[in-house]
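Have the structure open beside you and follow along as we go from one chain to the contacts between chains.

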Amino acid sequence: MSGKGILVYAETVGSDIHPISFELLGKAREIADKLNLEVWSVILGYGIGDKASELIYHGADKVYVYDDERLSDLNVIAYKNVLVDLVRETKPEIFLIGATPWGRSLAPRIAAALDTGLTADCIDLQVSEDGKLIQIRPAFTGNILAYIETVSKPIMTTIRYKVMKMPKRDPSRKGEIIVRKPEKIDADGIRFLGKVSERRVNLADAEVIVAGGRGLKKKEDLKLLEELANLLGGVVGVSRPLVEEGWISKDHQVGFSGNTVKPRLYIACGISGSPQHLAGMRDSNIIIAVNTDPSAPIFRHADYGVVADLYEFIPRLIRFLKEVKGREGGGIERA
Amino acid sequence: MAQQLRIIVLIKQVPDIEKVRFDVETGRVDRSSAPAETNPFDLNALEAGLQIKERFGGSVTVISMGPRQAESSLKDALARGADRAILLTDPRLAGADTIATAKALASAIRKLGEFDLILCGEKTVDGDTGQVGPEVAELLGIPHAAYVCEIRDVSRDKITVVSDMGDKYLYELELPALLTVTRELNSPRLPTLKDLLRAKRAKIEAWTAEDLLDYISIDQLGFQGSRTRVVKVVIPTTEHRKGIILKGEDAVEEIGELLLKEVLRR
């Protein structure tokens, strides 16, 4: 081992580890093996101490644990201070953070404090022939992919959820756990007053999304999409105009200013396919589009384009699926 | 309540993303193919600033960095009700990544003097990073809240906001502070024709790198001050999509069978 490393920030949700942390560890392990580096991880929070071994099972060689009541709330200045101190002490070559809303709020503060480059929202990391880290990220509302190199240390990157492969958990992996007690946690200027509301639906984790757009005539018609989504074990998504109309909460919004999703199956109903919407769903595994307008841009991004009125097509599709389900009885399971 | 809050709004001029064209061969973004407009998210930041000013008194100063053309976005901000507009414009500021951009903006804010609140959009439609806001906050040593979808309360020395992190959290920040805002925060007003005509004649203050040198050294700005480099740009194609177009009666069965295979019988 070289004594040099890649640091991975393990994000927590309450006292659990956000799955993106494991995805980052998997990618870090792959790069570390190419560049002869160690993989280090750091976890902050309160009541999270027993989680460190999970990070080792997913690829970390060394885990720094800051388990402290003063870190129980998501205070961006407190977290930044602890992480900046750790980076200054351990001098990682690369520092990876999940591009969750929290990660995207925290990472730039750390980068500015360390005066280093930060590449946002990456969808891939590659090692060039001369051993440089190339960070690949969408820009221009997802219309281009930029390949970025960082000329300062550490190289800092935030990475999107669900773009890196989840590594296999290996409980026989060994590593070192270093428990830290920060003396002073300076969290000046920000007070966490509590959670206002929880998200109602988690589009990021959905395997099937049935999404509606301007082609829907009224709020009640979302029920039609909901019925299809339920049949497929999926959830309902929408384009931005329906959220603006107040038909449904923003948790359901797919797109540049909403959620970025990557389901196995995305069914776009009455969605024309604006750049903003495409930016949120273009990486879906299979895309089906239903639209009356054969020139709608969504068709250029779909595997299957159905030129039809969703009000005719979707009920018939539901009937078809129910009939088969009825015939085959319990033979068909939800995904 | 005589509060007189000094509010700064950071805005960026971007190409209209609905119209801009991309050259698949060269990976070039043809900025001249589309009209320029103010980054949509920044209009929500400006609206928030104007609403706070109207309620508590104070002033709204708009700052942008970019080429001379960006004056039109600043004039639009004046027409909507901003009091003062400053454009950082200098070839030596060009080619800046997020950290070099944040340093230029933070230096301009320092030069302006005392302030209470900085507002910016959560991200831009061209860079897509969302990093500049929190970086400016760090450089100025002030707290920030990101993805603010609601402003609950403002007082002389505190602001209470809801931050949309998927789950929504309530934070109280001491002023001065910086907020990055979402499009759910408000509906931006439109300027009247009269205001547009008035703003057309307004003078935009143009600052060059020279004006910032009391606060930062030249090697920290523009391309030279950037810590990241774009190696290449690729336009993603949709060639990997099957592109099968279905019509009429058979479509139901074909899609139905696909769903059975891919989802229900899996």
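## Chain A and its partner

In chain A, 65% of the contacts with a separation of 6 or more are between residues 24 or more positions apart; two residues are in contact if their C-beta atoms, placed from the backbone, lie within 7 Å. This is a predicted model, in which local features need pLDDT of at least 70 and side-chain atom pairs count only at pLDDT 80 or more, while totals for chains, interfaces and linings use all residues. Residues are numbered from 1 along each chain as its sequence is written, and chains are lettered from A and ligands numbered from 1 in the order in which they are written.

Let us start with the overall build. Chain A has eight helices and 18 strands; helices (H or I, at least four residues) and strands (E, at least two) are DSSP runs, numbered from the N terminus. A compact globule of 335 residues would have a radius of gyration near 20 Å, and the 22 Å of chain A agrees with that. The radius is taken over C-alpha atoms, and the globule rule is 2.2 Å times the number of residues to the power 0.38. Along the principal axes, the C-alpha atoms of chain A fill a box of roughly 65 × 45 × 45 Å.

Six residues of domain 1 of chain A are in contact with nine residues of domain 2 of chain A.

Now for the partner: 71 residues of chain B are in contact with 73 residues of chain A. On the chain B side, α7(B) gives the most, with eleven residues. Strands also pair, which takes at least two DSSP bridges between them:

| Strands | Sense | Bridges |
|---|---|---|
| β13 (190–197) of chain A and β11(B) | antiparallel | six |
| β17 (286–291) and β18 (304–307) of chain A | parallel | four |
| β18(A) and β15(B) | parallel | four |

A:K195 stands opposite B:Y169 in β11(B). In β18(A), A:G305 is the bridge partner of A:A289, and A:V306 stands opposite B:L246 in β15(B).

What about the interior? A nonpolar core is a set of buried Ala, Val, Leu, Ile, Met, Phe, Trp, Tyr and Cys residues joined through C-beta atoms within 7 Å. The largest has 127 residues, and A:V8 and B:V9 have the most contacts inside it. Another core, of 51 residues, lies apart from it, with A:A211, A:F256, A:A279 and B:L259 among its members.

Finally, have a look at B:F41, in helix α1 (residues 40–56) of chain B. B:F41 is buried because 25 other C-beta atoms lie within 10 Å. Not counting residues up to four places away in sequence, B:F41 touches B:G121, B:E122, B:K123, B:T124 and B:R183.

Note on methods. Buried ≥ 20, exposed ≤ 12 C-beta atoms within 10 Å, placed from the backbone.
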